[in-house]
Amino acid sequence: MRKSFILLLLCCFLSSVTTGWEAFAASSKENADLILKNGVIYTVDNKRTQAEAVAVKDGVIVYVGNDEGVTPYQGSNTKIVNLKGKMVLPGFIDNHNHSYLMSESLFWLDLSSYSTLEEYKKAITDYLKEHPDVKQLRGIGWNTALVTSNSNGLQPKEWLDEIVPDIPAVFITSAHHSLWVNSKALENAKVDKNSKDPAGGVFERDPNNEPTGIVHEFSAQNLVINALPLPDFTVEEYKEALLAFQETAAQRGVTSVLVPVHYPTDTLIDAFGELEKENLLTLRYEVALWADPYKGTDQIQSFVEKREEHKGGLFQINSVKIFMDGVFAAGTAYLHDSYTHMPNHHGHPVWDQDVFKKTVAALDKEGFRVHIHAIGDAGVTASLDGFEEAAEQNGKRDSRHEITHLHLVKEEDVARFKNLGVIPVVQPFWFAKNESYAKAIGEERANHVFRMKSYFDAGIPVASASDFPVNDFWPLKGVQMGVTRLALGENDPNKVLWPEERVSLDQMITSYTMNGAYANFREEETGSIEEGKKADLVVLEKNLFEIPESEISETNILMTIFEGKEVFLHPSFKEAKVLSENTTNNEEEVSPEKASNTPILVISGFVLIVIAGAFLVIRHRSKVKQG
């Protein structure tokens, strides 16, 4: 009888303690602000873990696992999203995006939608009528072939002079490597037939050496732009453009960007700074300041000062942008072998190579990451030479220097990327056959542009980017083109660009997430879905691993979360998929009442065992006395 009684008491005690401990364990976890559950969470961690649920508190991921395990994080104020099988990825990272140039389409005359010179003329005339007091005309998106082959036989500047004779007019291509200007703009810049082309830049000329009004590359372009009466944009205009960019970025799942600057502008830096102070940034920005090839090491102290002003937070300056060469179309990309349509012409580097190497070494010594534009294979080799010399002078460090674009890369240079720790930054939007490349560099080279698998095979953390506004920044389009190496909408297997360089879906996702984070020294903060990292998350309409490759680019972004805050919600997902608050049907919540009863349950169990012990002691003493 006594043993049965003791057993009963112990069972009661263990039951109360177990129940109490479960509730206590649940209540000891902080209630999450947000829970995503019942989904396919592709974490992009080292093990490529797939989970069902994620919990977020104060902008940080506090749980990644199955649906059952997330329950203790659920409180009365937790917002819960029932994914119903939808896919979740880390936020996309665009590692070369000129976000600030959204300002051009907002505040300049955009010619990109027109296809004839008559349409150009009408658009320019209408713009001037609507803005009668403008002191300069700025535009974007002109077609080089259209302007240089006008039927009137006029030079490009002369055609423009007939419409805009009295104020400087400057139009830039969408690729930003060529200007179309009128005579007034050249006059302001003091450029005439006696002027010499700056290093790396070209003023196209007629048989009499007179400038035609076509200007190639930034060293030449800046001579014209810097002579204009007004700056490109005000601080307020840049702020408006960046806010508009952020809205579009959220719709496309982008949560971090590297912003390489084309030219020096304190106005842009001020705009970034003000937006951060006003808590209006919804992206992580790494800005790369433009290095002037004529200033060499003299400009580095100013870079250091700007870095000190803007470090930490969402807007940082830790990088410097250098142009090594130009583009195929203008014959300014730097090649080992000559251009097909220009025999004995190899293009040329923008920088004097001695000045370049000294500048890169000095930047490396100051702890800057150098981000180099190089399109031709000779430009890539020269860039790697600079990084190699910097490592010899300063000692090898975790610099994570980068080379971007990389149209042509010699096989032997791939290993140098690995050995020097240099990160390739590619634009998958270009991974399709391009007839203009064949005209410039011949079929053989044109069919072997844009390595990708080579980098992965060598163990190099290649990162992907858009080069917006040259391309539309839509990561899922880039993911598809990286996997297929076909133009969007193209299905002909015979048109695959360099099939051996195709990569897997996982590798493309990695290039837009974890590798992008690594490239920006943010791998401990973002790039994968892991506990302790920032909650930068993207909800996709479909599981990318379960659909045809051709449908990747058509997959909708349903929700974008930046540091735990919803920055975009697709209308269809808002109506059907997001639960307003608290629990869903058939979900168990650890209530505050249950949690508050925890100590009572534990104490009750303890009291029961004490009573039982006292009872046994009294009973034992009674028997002893009776004996």
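Helix axes here are lines fitted to C-alpha atoms over the stretch in contact, and angles run from 0 to 180 degrees between N-to-C directions. Helices are DSSP runs of H or I with at least four residues, strands are runs of E with at least two, and both are numbered from the N terminus. The model is predicted: local features need pLDDT of at least 70, side-chain atom pairs count only at pLDDT 80 or more, and totals for chains, interfaces and linings use all residues. Residues are numbered from 1 along each chain as its sequence is written, and side-chain values use heavy atoms, with hydrogens and water left out.

Start with helix α12 (residues 353–365) and helix α13 (residues 377–394). They pack at about 50 degrees, with axes 8 Å apart. α12 and α13 are therefore oblique to each other (under 35 degrees is roughly parallel, over 145 roughly antiparallel, 65 to 115 roughly perpendicular, the rest oblique). Contact means heavy atoms within 4.5 Å. On α12, the contact residues include F356, V360 and A361; on α13, they include A382, F387 and A390.

Now the aromatic rings. Rings of Phe, Tyr and Trp (its six-membered ring) pair if their centres lie within 6.5 Å; planes under 30 degrees apart are stacked, over 60 edge-to-face, the rest tilted. The count comes to 23 aromatic pairs. W159 and W180 form a tilted one, 5.7 Å centre to centre with 40 degrees between the planes. W159 lies in helix α6 (residues 156–161) and W180 in strand β12 (residues 178–181), so the pair ties together parts 21 residues apart in sequence. Both W159 and W180 are buried (under 20% relative accessible area, with exposed over 50% and partly exposed in between; 1.4 Å probe, protein chains only).
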